Amino acid sequence: MLRTTNYLSISIPAIICFALALVSFPSLAQAGIDSNTEFSIDFTNADQASVKATWARPEEVKLSAKGLRWDIEDHSGSIDFWLQSEPIAIGESWRPPQSASVTTSLDYSGKPGNIFVRHSCDRKHWSTWQLLTPGERETIHSNLDKKDLTCWGSIQIPLRETAPYNELRMKYARRGDVAWRSDEQALVEELVAEDPTFFEKSTPFIGYVQVLYETQLKATDSIQSLDINIAWSIGGRHLPPEEDLPSYRERFKKPWQFKAKED
């Protein structure tokens with residue numbers, strides 16, 4: 001998984017205090033973490049696709065050995081169609097990124113459509129959809145009219161949006177009453193407990209990414225697969241727990257975990 005560093009608009013005293021804290025733990029003051037998250041949906045595999053994606057008119061557009069198809073006897077006409085991936089968690093469970101690059105590859109036959117992306121901190125409050133830029137559309141098997149649509153784009157949270165959250169993160173890192181001062185999941189849980197509308201008013205990082213595909217679908221068309229690659233980066237410098245938490249090292253193997261509570 002890739003990870004990107006955002007430079008913060010915070011007070012000088014906050015920077016000095018945090019720097020002094022890092023000096024106290026030189027063995028864990030590591031550089032940035034760069035990684036990528038891969039997510040694939042095979043629409044010829046019904047068990048996998050039904051879990052990883054949702055789509056319009058599921059009573060008519062069904063999974064088959066040929067992929068996702070509009071299952072009607074009359075092959076004339078077309079329908080407005082969309083499908084979207086489930087939310088894809090990125091980053092680390094203890095620190096989410098504030099920027100990411102998204103590349104998608106769609107195997108299909110028929111008319112090409114558009115691919116969009118959006119992001120969220122908590123899987124409940126989402127940004128607006130933004131269009132990804134299409135790349136080359138090449139015919140893979142001309143006799144089947146099967147094609148590959150590749151699109152790409154970047155997500156970047158403005159510094160003006162991230163600055164207040166980063167100030168809270170630095171304050172949390174200076175506290176002595178928490179188990180792990182670099183644990184942003186614990187920070188976010190505390191912030192939302194104090195203000196349940198926190199993520200209604202701000203989207204300061206990227207915890208989850210979701211992809212949407214729209215097209216005009218004919219009965220002779222099929223969608224075989226959708227591959228998503230999300231490159232991201234985070235700052236790797238952090239403070240270790242005051243005590244040896246059993247889950248500490250495991251947290252480096254998991255993506256962002258925080259989810260809003262169900263209404």
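Of the 263 residues in the protein chain, 47% count as buried, where buried means under 20% relative accessible area, exposed means over 50%, and partly exposed is in between, with a 1.4 Å probe and protein chains only. This is a predicted model, so local features need pLDDT of at least 70 and side-chain atom pairs count only at pLDDT 80 or more, while totals for chains, interfaces and linings use all residues. Residues are numbered from 1 along each chain as its sequence is written, and side-chain values use heavy atoms, with hydrogens and water left out.

The chain has five helices and 13 strands. Helices (H or I, at least four residues) and strands (E, at least two) are DSSP runs, numbered from the N terminus. Take the contacts between residues at least 6 apart in sequence: 79% of them join residues at least 24 apart. Contact here means heavy atoms within 4.5 Å.

Now to a pair of helices. Two packed helices are described by the angle between their axes and the distance between the axes. How do helix H3 and helix H4 pack? H3 covers residues 159–173 and H4 covers residues 184–194; the angle is about 110 degrees and the axes are 11 Å apart. The axes are lines fitted to C-alpha atoms, for helices over the stretch in contact, and angles run from 0 to 180 degrees between N-to-C directions. H3 and H4 are therefore roughly perpendicular to each other. For that term, the range is 65 to 115 degrees; under 35 counts as roughly parallel, over 145 as roughly antiparallel, and the rest as oblique.

On the H3 side, the contact is made by Tyr165, Leu168, Arg169 and Tyr172, and on the H4 side by Glu184, Ala186, Leu187, Val188, Glu190 and Leu191. Seven of these contact residues are nonpolar, none is polar and three are charged. In this count Ala, Val, Leu, Ile, Met, Phe, Trp, Tyr, Cys and Pro are nonpolar, Asp, Glu, Lys and Arg are charged, and the others, Gly among them, are polar.

Staying with H4, which of its residues are buried? They are Glu184, Gln185, Leu187, Val188 and Leu191. Seen down the axis of H4, these buried residues fall within an arc of 155 degrees, so they line one face of the helix. The arc is that of the directions from the helix axis to the C-beta atoms. The cover over the buried residues of H4 includes H3 and helix H5 (198–201). On the face turned away from the buried side, H4 carries the exposed residues Ala193 and Glu194.

Next, some single residues. Lys52 is found in helix H2, residues 46–52, and counts as partly exposed at 22% relative accessibility. Leaving out residues up to four places away in sequence, Lys52 touches Phe39, Ser40, Ile41, Gln84, Ser85 and Glu86. Lys52 and Ser85 are 33 residues apart along the chain, and their C-alpha atoms are separated by 5.9 Å.

Two arginines come next. Most residues other than glycine have a negative phi. Arg57, which is not a glycine, has a positive phi of about 50 degrees; Arg57 lies in the loop between strand E2 (53–55) and strand E3 (61–64). Arg123 has a positive phi of about 70 degrees and sits in the loop between strand E8 (114–120) and strand E9 (130–131). Arg57 counts as partly exposed at 33% relative accessibility, and Arg123 as partly exposed at 34%.
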